[in-house]
Amino acid sequence: GAASATGYYGAASATGYQGAAMSSGFEGRVMGKEGNALFLVERHELNGPVINVWAGIAGRDGIKADTWYTLKDGQPVEC
């Protein structure tokens, strides 16, 4: 399964097996079960240009499963 959010403060979560969640809107956020892929885009303003991107896997490299993340200064932070 896959989930995406593109709007203002959009949120996407991946709760199934080997899923993916992506948020490309202003101040978007993602969450996933252990092993799911997470993708974030950072913008300074609504409909503004992309300034940073990040991809990771829930449960690896300090990214917690079942936890919401947003992108700030190019780094995923809990929200």
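Partly exposed means a relative accessible area between the buried limit, under 20%, and the exposed limit, over 50%. Lys33, at 35% relative accessibility, therefore counts as partly exposed. The legends below use these terms for a predicted model.

View 1. The protein chain has zero helices and eight strands. Along the sequence the pattern reads β-β-β-β-β-β-β-β. The radius of gyration is 11 Å, close to the 12 Å from the globule rule for 79 residues, so the chain is as compact as a globular protein of that length. Its C-alpha atoms fill a box of roughly 35 × 25 × 15 Å along the principal axes. Buried residues account for 38% of the 79 residues.

**View 2. Four strands make an open, mixed sheet.** The strand order is S1-S3-S5-S6, and the pairing is mixed. S1 and strand S6 (50-57) are the edge strands; each has a single partner strand, so one side of each lacks a neighbour in the sheet. On average, neighbouring strands of this sheet are turned by 10° against each other, direction ignored. Strands of a sheet pair through backbone hydrogen bonds, either parallel or antiparallel.

**View 3. S1 and S3 run parallel.** Four bridges join S1 to strand S3, residues 20-23. The two strands run parallel.

**View 4. Asp66 and Lys33 form a salt bridge.** The count of salt bridges comes to two. In this one, the side chains of Asp66 and Lys33 meet at 3.2 Å, N to O. Asp66 sits in the loop between S6 and S7, and Lys33 in the loop between strand S4 (29-32) and strand S5 (37-43), so the pair ties together parts that are 33 residues apart in sequence. Asp66 has a relative accessible area of 44% and is partly exposed. Lys33 is partly exposed too, at 35%.

**View 5. Glu78 and Lys64 form a salt bridge.** The closest N and O atoms of Glu78 and Lys64 are 2.9 Å apart. This pair links distant parts of the chain, 14 residues apart: Glu78 belongs to strand S8 (residues 75-78), Lys64 to the loop between S6 and S7. Relative accessibility is 47% for Glu78, which counts as partly exposed. Lys64 counts as partly exposed at 43%.

**View 6. Tyr8, Tyr9 and Leu46 form a nonpolar surface patch.** Together these residues have about 330 Å² of accessible area. Tyr9 lies in the loop between strand S1 (2-5) and strand S2 (11-14). Its relative accessible area is 44%, so Tyr9 is partly exposed.

View 7. Trp68 is placed in the loop between S6 and strand S7 (69-72). The C-alpha atoms of Trp68 and Val30 are separated by 5.5 Å, yet the two residues are 38 residues apart along the chain. Trp68 has a relative accessible area of 22%. The buried class ends under 20%, so Trp68 is partly exposed.

View 8. Ser13 is part of strand S2. Ser13 and Gly59 are 46 residues apart in sequence. Their C-alpha atoms are 14 Å apart in space. Ser13 is partly exposed, with a relative accessible area of 30%.

**View 9. Glu27 has a positive phi.** Most residues other than glycine have a negative phi. Glu27, which is not a glycine, has a phi near 55°. Glu27 sits in the loop between S3 and S4. At 31% relative accessibility, Glu27 counts as partly exposed.

**View 10. Asp61 also has a positive phi.** The value for Asp61 is about 50°, although this residue is not a glycine. Asp61 is found in the loop between S6 and S7.

Key. Residues numbered from 1 in each chain as written. Predicted model: local features only at pLDDT ≥ 70, side-chain atom pairs only at ≥ 80, totals over all residues. Heavy atoms only, no water. Patch = residues over 30% accessible without salt bridge, like charges linked within 9 Å, V, L, I, M, F, W, Y side chains within 5 Å. Areas by Shrake-Rupley, 256 points an atom, 1.4 Å probe, with all protein chains shown as cover. Salt bridge = Lys/Arg side-chain N within 4 Å of Asp/Glu carboxyl O. Buried < 20%, exposed > 50% of the residue type's maximum accessible area, 1.4 Å probe, protein only. Pairing = 2+ DSSP bridges. Axes fitted to C-alpha atoms, helices over the stretch in contact; angles between N-to-C directions. Rg over C-alpha atoms; globule rule 2.2 N^0.38 Å.
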